[in-house]
Amino acid sequence: MMFYGYHGVFTEETKLGQRFLVDVELQLDLSTAGQTDQLQNTVNYGEVYEICQRIVEGKPYKLIEAVGERITADLLATFVQIEECTVKITKPGPPIPGYYKDVAVFITRSR
């Protein structure tokens, strides 16, 4: 998923904003969903997207670690069937010295 947010330590990041990429991996028992073919027996991916969008495009955080923590906490609180959640937040071209494509953090939380 790709969103535009205003997270960062430096003033230009919080004023100009930038793109953030979010990958979410959810661990849960999908056997009932697979057998019944019913949405209520799984996680609604549209709602996962909306949670990520609200957080990344919402209140600015200094660290992408804080963004990832908020996303994992909200996903675990919203979907009781999730056993473990991993969120990768990627910040393309951060304003720090050096040559690289992006920086990223992985946050994994479980019940």
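This is a predicted model: local features need pLDDT of at least 70, side-chain atom pairs count only at pLDDT 80 or more; totals for chains, interfaces and linings use all residues.

**A contact to start from**

I began with a pair of side chains: Asp74 and Arg54 are joined by a polar contact of 3.1 Å.

Next I checked where Asp74 sits, and I found it in helix H4. Is Asp74 buried or exposed? Its relative accessible area is 16%, so Asp74 counts as buried, the cut-off being under 20%. Then I listed its contacts, skipping neighbours within four places in sequence: Ile51, Arg54 and Ile55 came up.

**The core**

I moved on to the largest nonpolar core, and it has 23 residues. Which residues have the most contacts inside it? I noted Val22, Leu26, Ile71, Leu75, Ile82 and Ile89. Strand S2 (18-27), helix H3 (45-56), helix H4 (64-78) and strand S3 (84-92) each give two or more residues to this core. In soluble globular proteins, nonpolar side chains tend to be buried together.

**The pocket**

Last, I looked up the largest pocket, which holds about 160 Å³ of space. What kinds of residues make up its lining? I noted eight nonpolar and four charged ones, with no polar residues. The lining residues include Val9, Phe10, Glu13, Lys62, Glu65, Lys91 and Val103. Pro94, Pro95 and Ile96 are also among them.

Terms used:
Residues are numbered from 1 along each chain as its sequence is written. Side-chain values use heavy atoms; hydrogens and water are left out. On a 1 Å grid over the protein atoms alone, a cavity is a set of points where a 1.4 Å probe fits but cannot get out, and a pocket is an open set with protein on both sides within 12 Å along at least five of seven lines; lining residues have an atom within 4 Å of a point. Grid points are joined across faces, edges and corners, and a volume is the space filled by probe spheres set on the points. Ala, Val, Leu, Ile, Met, Phe, Trp, Tyr, Cys and Pro count as nonpolar, Asp, Glu, Lys and Arg as charged, and the others, Gly among them, as polar. A nonpolar core is a set of buried Ala, Val, Leu, Ile, Met, Phe, Trp, Tyr and Cys residues joined through side-chain atoms within 4.5 Å. Buried means under 20% relative accessible area, exposed over 50%, partly exposed in between (1.4 Å probe, protein chains only). Helices (H or I, at least four residues) and strands (E, at least two) are DSSP runs, numbered from the N terminus. A polar contact is a pair of N or O atoms within 3.5 Å; within protein, one must be able to donate a hydrogen and the other to accept it, and residues adjacent in sequence count only if both atoms are side-chain atoms. Contact means heavy atoms within 4.5 Å.
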